[in-house]
Amino acid sequence: MQVTSIETTKWVLVAKEEDVPANGGSCVMYKNEQIAIFNFKKRDEWYATQNMCPHKKQMILSRGMIGDKECEPKVACPYHKKNFSLKTGENLNGEEYSIKTYPIKVEAGNVYIGGLE
Amino acid sequence: MKKLNNLVIVGNGMVGYKMCEKLIEKKVQDEYNIIVFGGEARPAYDRVHLSEYFSGKSAEDLLMAPANWYKENGITLYLNDPVVKIDREKKTIISSKGQSISYSKLVLATGSSCFIPSIPGIEKDGVIAYRTIEDLDDIKSYAAKSKKGVVIGGGLLGLEAAKALMDLGLETHVVEFAPRLMPRQLDEKGAIMLKEKIESLNISIHLNKNTKSIDGEGKVTKMVFADGSELETDMIVVSAGIKPRDELARESGLEVGPRGGIVVNDLLQTTDPDIYSIGESALYKGMIYGLVAPGYEMADVVANSLAGGSKTFAPYDMSTKLKLIGVDVASFGDPFCSEQEHQHIVYEDKTKGIYKRVNISSCGNYLLGGVLVGDAKDYNMLLQTYKNAIILPPTPEDLILGPRGGAESVGSGVLSLPDAALICSCENVTKGDICSAVTYNNLEDVAGIKKCTKAGTGCGGCVPMLNDLLTATLKASGKEVNKVLCEHFGYSRQEVLAIIKSTGIKTYDELLAKYGSGDGCEVCKPAVASMLASTWNEMILSQDTIQDTNDRFLANIQKGGTYSVVPRIPGGEITPEKLIAIGVIAKKYDLYCKITGGQRIDLFGARVDELPLIWEELIEAGFESGHAYGKSLRTVKSCVGSTWCRFGLHDSVTFAIEIEERYKGLRAPHKLKSAVSGCVRECAEAQGKDFGIIATDKGWNLYVCGNGGAKPQHAKLLASDIDKETCIKYIDRFLMFYIRTAEPLNRTSTWLNKLEGGIEYLKDVIVNDSLGIGEQLEMEMQYMVDTYKCEWKDVVEDPSKRKRFTHFVNSTIADPTIKFQAMRDQKKPVEWGA
């Protein structure tokens, strides 16, 4: 029997579009997970990552400044300016640790995050 | 008279012996029968100097005290009879020889044993531990039939063991698992120096070696390492660390640490309050103290407590100085400073085999620790400086270099540092490394330096210095210096500021769209935000996402994600009513209170959602933002002045308040501090400020461009004996000229050091108005003064701005990860990641 896989991303409504400042971030809570969501208006893109900066394990990334490094969208942790790619979560300072990213979409002024348990 | 209580000490090592000595000293033997059990055949001996057993000392020489000392002092000593069981219910111990003795108090001084790694073949003949005199006898007799010996372990004891093998005439090798020797005491460079010194004595050092197996028919003939290499040898001495002997405690149900060690509290009691543990068997606050001095201190604490005292043990300073195979090695305070912000200075002389490093607090005032290899004669002085928190001289490098001639000393700035000066302490990159990377790799920007040397990739604190070194190095090689803001703006700060002024652009987005490229970053956003604020003086939160986090939330972020709040207290003058108001608010929100260096009160531990509530109450009580979070005017400190002081010449407090009121809220390339002193005694320390004023009998002296901070620098005299109005005029011009021309994040001192022509040129511009811009600068400043508004009042009164002060946008709960612990009747955040 043939089984066709169907994309079944479950989307969770976490915020209203206006809850997130333009070119900035906000933090949402889902169950016990803290997630940073970013409204990258300059690029017309939205991103979601873990809120914890893995460097000193602080719940802070949503308060980080966003921008780009050679066109890669990134967030800089306010504590020690560790940079992470918003696309892949990769550490852009060449260090080991990286951050988790989540699928995110905005529909009719509602912000949804996917990939949550 | 018969004594009723037995005090049993399990273990007769150095610390167990010291315990006896302290008990005698405190006359505890009047109350207790002291009974000691030792596992070895000899009474306690000096394990620290064990290797001297090979260079002539006898076992008797090494004894801490002969057996009859115990007898003379009424102590019962059972040797060769280790305790094998504790019956806590019956409060009785049982020894290996079957003695059953009751106790009312028990001290476990079981010490540690040699950690024997589980390597296949470790049981073969010729593999011997290095711990006891018996071990040494074994080593001695085995060495007699060997030519070559290997020590496993490059720590303190391992190197001692290597010396022993060398003294026995063997070809000696040391194998260390870590990438450096003495990894607990020395940093990388210190360890390299030590390695070179030891190798020059014909001891071979093999680092990064993970021993996979020990081969040989019955007895060892060679070692095989994980990297495939091999080392032939006749014998192996194992000294790869210690393992606390906690089996007895474990079996009797006392709490032990996950990696061994008997858990003790501040009184060194185990989880059974009648049982203590001291020395290397005790685990205090997660730490095993593998040195003799803290072990002795522990013995003192327990003896004191048994004698009815209340002394407690506290985390012990692990500073040590020793001679290893003839090489002086010392390490004091925090030798690495990997956890705290600091700067460090390094001196290295390869030909003489000397390495010295001192770690200095980021404010530049205190010694935090250091490492000395090859020359430890400064150890005591440095240790004292560190322990007593003595304020360092403005040139702390003198600590390890000694003062060096006056004439060539440029005296200031990163350029005057020696090549060996460590610029990036996170990545261990020296000035020499950076300058040669710039020259030989044709680097043209800081990003290149970061990529090439890794400097500036850690905490980032050295980036302004990298910039200066880049500029100086390029200049020296005749290249054009490119001081662009970052990859998004091809202009220097001065050029961007000129663009802002001439075009009237008021937002970052517009500036980026018209004059920049890409999406911006954490370098250009706050830099532009500062320039916009210094030019248009609009409320910074109208563009909140381009502000650094402190400016975005108008408070100072601290460990754990909470913020601190500093209300403005101009000149440090405050009424009792206002003090009470601060106290009431701090109490209500449970804030940690600390008096700052600038005569203000800092309130710590406020959650982001509490900030507007706290400020609502502070404003109600008559306070304004203190801008402690901004690159802006902080505080104008003052001495009490002529109103009260019998020496005071003028009213320094009133002048300080006037100045603080005038420049409050002014945003600049970096923070600004000021002070006013009422006489030459200079109690307000005005010469350590960005601008400082000192009363003279004819008027006021104005000093500029001093600072404390990372590299303290005295302010320079700009004008003398001037009146108040002239003083304010000059300050207006000075501050605006600084704001116009400085690079981002350069304090006034750094700016002056780089200003061509120095203070004389500055005097010309400010006092003589040589550029003809004096009036314009004054006008610009007057605009800033006239448009000042309290940022916090603005937020408190604006519901849409208040709304942003929340941790979650989809929940009203506070960040549940914020945790505090108690300290001296207040609170503090838990450590990073705890």
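**Reading the model**

Q: Of the 834 residues of chain B, what percentage counts as buried?
A: Buried means under 20% relative accessible area, exposed means over 50%, and partly exposed lies in between, with a 1.4 Å probe and protein chains only. In chain B, 53% of the 834 residues count as buried. This is a predicted model, in which local features need pLDDT of at least 70 and side-chain atom pairs count only at pLDDT 80 or more, while totals for chains, interfaces and linings use all residues. Residues are numbered from 1 along each chain as its sequence is written, chains are lettered from A and ligands numbered from 1 in the order in which they are written, and side-chain values use heavy atoms, with hydrogens and water left out.

Q: How is confidence read, and what is the mean pLDDT of chain A?
A: pLDDT is the predictor's confidence in each residue, from 0 to 100. Chain A has a mean of 88, and 93% of its residues reach 70 or more. Over residues 1-5 of chain A the pLDDT is below 50, and this stretch has zero contacts in the model beyond near neighbours in sequence. Contact here means heavy atoms within 4.5 Å.

Q: How many helices and strands are there in chain B?
A: Helices (H or I, at least four residues) and strands (E, at least two) are DSSP runs, numbered from the N terminus. Chain B has 26 helices and 38 strands. Its C-alpha atoms fill a box of roughly 95 × 65 × 60 Å along the principal axes. Among contacts in chain B with a separation of 6 or more, 62% join residues 24 or more positions apart.

Q: How many disulfides does the structure hold?
A: A disulfide is a pair of cysteine sulfur atoms within 2.5 Å. Over all chains, the structure holds zero.

Q: Is Cys593(B) buried, partly exposed or exposed?
A: Cys593(B) counts as partly exposed, at 32% relative accessibility. Its sulfur is 20 Å from the closest cysteine sulfur, in Cys790(B), and is therefore too far for a bond.

Q: Where is Ser632(B) placed, and with which residues is Ser632(B) in contact?
A: Ser632(B) is in the loop between α19 (611-620) and β32 (633-638) of chain B. With a relative accessible area of 0%, Ser632(B) is buried. Leaving aside neighbours within four places in sequence, its contacts include His627(B), Gly665(B), Arg667(B) and His670(B).

Q: Which value does phi take in Glu70(A), and is Glu70(A) buried or exposed?
A: Phi of Glu70(A) is near 45°, a positive value in a residue other than glycine. Glu70(A) lies in the loop between β7 (65-69) and β8 (72-76) of chain A. Its relative accessible area is 63%, so Glu70(A) is exposed.

Q: Where is Asp825(B) placed?
A: Asp825(B) is in the loop between β37 (820-823) and β38 (826-829) of chain B. Although Asp825(B) is not a glycine, it has a positive phi of about 65°. At 83% relative accessibility, Asp825(B) counts as exposed.
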